[in-house]
Amino acid sequence: MSKNNFSVPQEELARQREYTDLVRTVISSRYPQAHPKAFVHTYGCQGNVADGERLKGMLQDMGYDFTERAEEADLVLYNTCAIREHAQDRVFGNVGALKPIKKQRPGMIIALCGCMMQQQSVAEKIRESYSFVDLVFGTHVAYKLPEFIYQCLCSGKRVFDLSGGDGNIAEGLPIRRDGTFKAWIPIMYGCNNFCSYCIVPYVRGRERSRDFDAVLQEAKEVIDAGYKEITLLGQNVNSYNRDLEKDKQFPALLKAISELEGDFIIRFMTSHPKDCTEELLQVMASSEKIAKHLHLPFQSGNDRVLREMNRHYDRKKYLELIERAYELMPELSITSDVIVGFPGETYEEFCDTLSLVERVKYTSLFTFIFSPRPGTKAFSMPDPVSREEKGRWFRELTDLQEKIAGERTASMKGRVYRVLVEEKAKGEGMLCGRTEGNIMIEFPGDESLIGSFANVKVTNPRTWIVYGEFVK
């Protein structure tokens, strides 16, 4: 079987490299003493973070250095998220705060991109009410950043590009990774599921999978560069290359990366239950390099609500998947997403969510009160339950999960775990690392351990974090 070719043509990528050279020439004449500074801030999911690393890679190639302070930047770029209203409000607030800075420094370029900007209503609001914003572009044309920057620098006019379609995949873009031992690798973009509450298919387009060998090569490069953790990203990684033969689908990709030489661990997200297969679980169980952690969002424990959400599985199928996963990997850590108060949900239906949580015994949950997104089916659904009532349900769920998490961490006492040491903790001489089950452990140790694996014995488990001691 074959698939559509979503790759950006090499001719177009070569044209963008020409714009990169042009931008470098322009800014070297305007900033003869030092490189101009860029401030890039990403909102939202890990996929956005990976996009931000590519945006920064292109800016670096154009000749920009980076700063952590927007007020001292020559270019400010906000890479936005559209999943929840709160995230959008933060973007508008932060952009508004740039207005007086721009007035003092009119040469500053202010740019907005990402999922929010792919929504026509948002882009028009920026156009009409934020006249000091110079550049707005959507998710499908991010690879054209060099061309956009050149236009801003040379024309003095505002640049808006919200090209629609389902987007293309630009391979070979420069990447400026945020970390030195944890790497994000997108394997696909977009989504075909159209969950009734979710804006992603409208702003990210339909599913497009990266080339199998290109992903494998990127994984090899980061491993050779010393990265210890690789996270494979997609809105639904389980549907990677779904239209190809099995030797090119997600379980095969996961297996191929796990067979590369090196000392590293592989994670992936997000995994949709409707496409989670026996083959995937078998591959996870077969390799020590694949983290025994499965993020499998269930959203609701009630079948009627799941149908209204357009999730394409029911409670029975979900629990069968969980049961099989535990059979193959008894030590598996499972995390999930839950929406509380979906339109029309009753308290009795919400109790089905509570009973599912009690049965599965999740390590942790990402819990959200329903946030209506314009443009989705759920936005216009009757929603008679008050925000206050949903808040009570939410607290009931978080109290239950806190109890379960406490019981789970208590069972860790006295056991030794291999953790990837990530950073210094707040206490003096303390480090923190994450188990392959995604549980944070703090322990005393030397900073030289950061970025490497260490064995840690749990001595004092708490509900959301555990404390231990380094084992040589």
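Reader: What should I know about the model before we start?

Author: The model is predicted, so local features need pLDDT of at least 70 and side-chain atom pairs count only at pLDDT 80 or more, while totals for chains, interfaces and linings use all residues. Residues are numbered from 1 along each chain as its sequence is written, and side-chain values use heavy atoms, with hydrogens and water left out.

Reader: Which strands close into a barrel?

Author: The barrel has 5 strands in the order β15-β16-β17-β19-β18, with mixed pairing. Strands here are DSSP runs of E with at least two residues, numbered from the N terminus, and two of them pair if DSSP finds at least two bridges between them.

Reader: How many bridges join β17 to β19?

Author: There are 2 bridges, and the two strands run parallel. Glu-442 stands opposite Tyr-467 in β19.

Reader: Changing topic, is Lys-292 buried or exposed?

Author: Lys-292 is buried, meaning under 20% relative accessible area. Lys-292 has no salt bridge, which would need a side-chain nitrogen of Lys or Arg within 4 Å of a carboxyl oxygen of Asp or Glu. The nearest side chain of opposite charge, Glu-436, is 4.4 Å away.

Reader: Which backbone oxygen does the side chain of Lys-292 reach at 2.7 Å?

Author: That is the backbone oxygen of Ser-287. The backbone oxygen of Met-284 lies 3.2 Å from a polar atom of the Lys-292 side chain.

Reader: And where does Asn-192 lie?

Author: Asn-192 is in the loop between β8 (188-189) and α7 (200-204). A polar atom of the Asn-192 side chain lies 2.9 Å from the backbone nitrogen of Glu-207.

Conventions. Helices (H or I, at least four residues) and strands (E, at least two) are DSSP runs, numbered from the N terminus. Buried means under 20% relative accessible area, exposed over 50%, partly exposed in between (1.4 Å probe, protein chains only). Lys and Arg count as positive and Asp and Glu as negative; His and the chain ends are not counted. A polar contact is a pair of N or O atoms within 3.5 Å; within protein, one must be able to donate a hydrogen and the other to accept it, and residues adjacent in sequence count only if both atoms are side-chain atoms.
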